Amino acid sequence: MIYFIGAGCGDPELVTLKAYKILQKADVVLYTGSLVPKEVLKWCKDDALIQDSQYMKYDEIFEFLKTHSHKIVARVHTGDPTLYSTIAKQIEFLRSQDIDFEVIPGITAAFGASASLGIEYTIPGISQTLILSRIEGKTPQPESLEHILACKNSSMVFYLSISLLKKLKAKALQMGYSIDTPCWVVEKASWEDEQIYKGTLSDIEEKTSHIKGVAVILFGEFLHQKESVESHLYRKPLQKELK
């Protein structure tokens, strides 16, 4: 059986109990080394075969899964495996080979970010819709940014787009958004070294220009809400908020 596991957004304790149990018994673990916290692997058996897939091509991943399919295999992805991962192609291959699989959900970065911030995405009278998307760069985006931004009463979270804030700003201003519209960035949500940057369309690009790694962009009027006191109970001592 191949188990696609969501490792959560960073904090290893955010792995689900079901994923934890599978990691404990897995004979083989294939994980995305550039994104999955190494602490997650500490629950694996001492004799488990652990392989980093960071530099593997699709064909190599397919062959690896097929070779070990008679064992218990944990295919570990960051966040939730059904969001911005590569499981669709992997599952297509497994189905073509009649190899059994199961998908174990995980906590995605958008929810790790909102927990750290102490905010809600669905506020009565402000927003009842959450849009998870990405800004088009090298990867084609079937839905235009203009159409996404047209949903002005929605809460928006952009993945894999930190280098494209200039494009977000230009399009949002073109569509009538105020220069003061809140735009926040959470870098490495729920990790020990998580960083939070609060700004608006006018200054968020400047505040986050140094970020090269994993980050999510939160955008919209829904951010005009008071932070809950309880949110600070979640944060770790090393986490900082940069305004």
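Reader: Why is Ser190 called buried?

Author: This is a predicted model, and in it Ser190 has a relative accessible area of 0%. Buried means under 20%, so with its 0% Ser190 counts as buried.

Reader: What makes the pair formed by Ser190 and Asp11 a polar contact?

Author: A polar atom of the Ser190 side chain lies 2.9 Å from the backbone nitrogen of Asp11. The limit for such a pair is 3.5 Å, and 2.9 Å is within 3.5 Å. The side chain of Ser190 also reaches the backbone nitrogen of Gly10, at 3.4 Å.

Reader: Tyr84 has a positive phi too; what is its value?

Author: Phi of Tyr84 is near 50°, again in a residue other than glycine. Tyr84 is in the loop between S4 and helix H3 (87-96).

Reader: Why is Tyr84 called partly exposed?

Author: Its relative accessibility is 36%.

Reader: Which residues are closest to the centre of the largest pocket, and what is its volume?

Author: The volume of the largest pocket is about 750 Å³. Of the 36 residues that line the largest pocket, Thr32, Leu35, Thr78, Tyr84 and Leu160 are the closest to its centre. Helix H2 (58-67), strand S4 (73-77) and strand S10 (215-219) are the elements that each give two or more residues to this lining. By type, the lining residues divide into 18 nonpolar, 13 polar and five charged.

Reader: What makes Asp46 exposed?

Author: Exposed means over 50%, and Asp46 has a relative accessible area of 84%, so it is on the exposed side of that limit. Asp46 lies in the loop between strand S2 (28-31) and strand S3 (49-52). Between Asp46 and Gln24 there are 9.5 Å in space, C-alpha to C-alpha, while the two are 22 residues apart in sequence.

Reader: Is Leu23 buried or exposed, and how do you know?

Author: Leu23 has 1% relative accessibility, which is under 20%, so Leu23 counts as buried. Leu23 lies in helix H1 (residues 17-25). Among the residues it touches beyond four places in sequence are Val40, Trp43, Ala74 and Val76.

Reader: Why is Gln141 called buried?

Author: The relative accessible area of Gln141 is 17%. The limit is 20%, and because 17% is under 20%, Gln141 counts as buried. Gln141 sits in the loop between strand S6 (130-134) and helix H5 (145-149). A polar atom of its side chain lies 3.0 Å from the backbone oxygen of Arg134. Beyond four places in sequence, Gln141 touches Ser133, Arg134, Glu136 and Ile148.

Reader: How confident is the predictor, and where does pLDDT stay under 50?

Author: The protein chain averages a pLDDT of 92, and 93% of the residues score at least 70. Over residues 227-239, pLDDT stays under 50. For that stretch, the model has 27 contacts beyond four places in sequence.

How values were computed. Residues are numbered from 1 along each chain as its sequence is written. This is a predicted model: local features need pLDDT of at least 70, side-chain atom pairs count only at pLDDT 80 or more; totals for chains, interfaces and linings use all residues. Side-chain values use heavy atoms; hydrogens and water are left out. Helices (H or I, at least four residues) and strands (E, at least two) are DSSP runs, numbered from the N terminus. Buried means under 20% relative accessible area, exposed over 50%, partly exposed in between (1.4 Å probe, protein chains only). A polar contact is a pair of N or O atoms within 3.5 Å; within protein, one must be able to donate a hydrogen and the other to accept it, and residues adjacent in sequence count only if both atoms are side-chain atoms. Contact means heavy atoms within 4.5 Å. pLDDT is the predictor's confidence in each residue, from 0 to 100. On a 1 Å grid over the protein atoms alone, a cavity is a set of points where a 1.4 Å probe fits but cannot get out, and a pocket is an open set with protein on both sides within 12 Å along at least five of seven lines; lining residues have an atom within 4 Å of a point. Grid points are joined across faces, edges and corners, and a volume is the space filled by probe spheres set on the points. Ala, Val, Leu, Ile, Met, Phe, Trp, Tyr, Cys and Pro count as nonpolar, Asp, Glu, Lys and Arg as charged, and the others, Gly among them, as polar.
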